[in-house]
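Thanks for coming, everyone. Please have a look at the model on the screen. I will go through a few places in turn.

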Amino acid sequence: MRTYAIGDLQGCHAETVALVERILERERGNDPPAILFCGDLINRGPDSLSTLRYVQALAQGSGGRIDAVLGNHDLHLLAVANGIRPESGSDTLDTILAAPDREALLHWLRERPLALFTKHHLLVHGGVLPQWSAAQTIALAGEVAAALRSAEWTGFLADMYGNQPDRWDDDLRGTARLRCIVNALTRMRFCSAEGEMDFKLKESATVDPATGLMPWFEVPGRRTRDVTVVFGHWSALGLRITPDYIALDSGCVWGGQLSAVCLDDRELLQVPCPEFQRAKAKAQDR
């Protein structure tokens, strides 16, 4: 069974279907492939509801072969749906919030992990702190998953937001510990050599070295260099395929490409993504 990772969908349903069908066509005659989504299944794009329904149906009918990690937009949906956060002007969540199957969709979403490990690849949405090994990352992601699946899960969501603590300490406990894990796995792009996270720089792939910041995957001595980390979240960085990391957010929702990489042989599959740009232009013409 071959395994594919797919970058941020962000509600681009037609492109998601087209890319999955390309994967299935490529694997015709072989064992059904595993497909792993790098989070941010929804929001900003033209059809968040259909995208979420499609991925849910794929996963539930796959016997565990198909899954997704949670991204910051997925967590935002859970918070908005429970009255914890307001919608922003750029959100495209209304159809999910008004859907008759809303609760089933939200329940499926909150049971998704924040990290997956397969075939010597560690899959997350945002990043991995330099102090964490792959095994520790999976264990810490499991702590957040347990909070999301608990009876007090809405309380966890209410406490999840904030930029502090901005660095990891093994002695962190409670809300501070869980928030730090969530911020690293779903929001981080840049950090210092000591692992202090920065959340201000969003629209760039580079940073002035004088700040002491660097992309998290360039930190010297990063403990996940013995595996390949696969992630999305960073459209300004774009598609990058290297031996020790694969960046898969190729700007689908901004009119770029939706990308999938086969983890077994590094073959790249892409579909163009004009749908959101057409929908945006049409709305501006009204």
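Let me begin with a question: is Gln10 buried or exposed? Gln10 is buried, because its relative accessible area is 6% and the cut-off for buried is under 20%. Keep in mind that this is a predicted model.

Now, where does Gln10 sit? Gln10 lies in the loop between β1, residues 3-6, and α1. Its backbone deserves a look. Gln10 has a positive phi of about 50 degrees, and it is not a glycine. Why point that out? Because most residues other than glycine have a negative phi.

There is another residue of this kind. His120 is not a glycine either, and its phi is positive, at about 65 degrees. Look for His120 in the loop between β4, residues 116-118, and β5, residues 121-123. His120 has a relative accessible area of 47%, so it counts as partly exposed.

Staying with the backbone, go to Pro165. The peptide bond between Gln164 and Pro165 is cis, with omega at about -5 degrees. As a rule, most peptide bonds are trans. Pro165 belongs to the loop between α7, residues 153-159, and α8, residues 174-186.

Next, helix packing. Start with α1, residues 13-26, and α2, residues 48-60. Their axes are 8 Å apart, and the packing angle is about 30 degrees. The two helices are therefore roughly parallel to each other, since angles under 35 degrees count that way. The crossing of α1 past α2 is left-handed. Which residues make the contact? From α1, they are His13, Thr16, Val17 and Val20. From α2, they are Ser50, Thr51, Tyr54 and Leu58. By class, that contact has four nonpolar residues, four polar ones and no charged ones.

Now the other pair. Helix α3 covers residues 72-81, and helix α5 covers residues 102-110. They pack at an angle of about 135 degrees, with axes 10 Å apart. So α3 and α5 are oblique to each other. This crossing, of α3 and α5, is left-handed. On the α3 side, you will find Asp74, Leu77, Leu78 and Ala81. They meet Arg102, Leu106, Leu109 and Arg110 of α5. How many charged residues does the contact of α3 with α5 have? It has three, along with five nonpolar and no polar residues.

The largest nonpolar core has 86 residues. Within it, Ile6, Phe37, Leu41 and Phe231 touch the most other members. There is also a second, separate core of eleven residues. Among its members are Leu116, Ile246, Leu248 and Leu263.

Take Phe231 from the largest core. I leave aside its neighbours within four places in sequence. Beyond those, its contacts include Cys38, Val124, His125 and Gly126. Phe231 is also in contact with Trp216, Phe217 and Leu237. The run from Tyr245 through Ile246, Ala247 and Leu248 to Asp249 is in contact with Phe231 too.

One last stop: Ser192. It is in strand β6, residues 190-192. Is Ser192 buried or exposed? Its relative accessibility is 8%, so Ser192 counts as buried. What is it in contact with, leaving aside neighbours within four places in sequence? Gly212, Leu213, Met214 and Val219.

That is my tour. Over to you for questions.

Methods: Residues are numbered from 1 along each chain as its sequence is written. This is a predicted model: local features need pLDDT of at least 70, side-chain atom pairs count only at pLDDT 80 or more; totals for chains, interfaces and linings use all residues. Side-chain values use heavy atoms; hydrogens and water are left out. Helices (H or I, at least four residues) and strands (E, at least two) are DSSP runs, numbered from the N terminus. Buried means under 20% relative accessible area, exposed over 50%, partly exposed in between (1.4 Å probe, protein chains only). Contact means heavy atoms within 4.5 Å. A nonpolar core is a set of buried Ala, Val, Leu, Ile, Met, Phe, Trp, Tyr and Cys residues joined through side-chain atoms within 4.5 Å. Axes are lines fitted to C-alpha atoms, for helices over the stretch in contact, and angles run from 0 to 180 degrees between N-to-C directions. Angles under 35 degrees count as roughly parallel, over 145 as roughly antiparallel, 65 to 115 as roughly perpendicular and the rest as oblique. A crossing is left-handed if the near helix is turned anticlockwise from the far one by less than a right angle, and right-handed if clockwise. Ala, Val, Leu, Ile, Met, Phe, Trp, Tyr, Cys and Pro count as nonpolar, Asp, Glu, Lys and Arg as charged, and the others, Gly among them, as polar.
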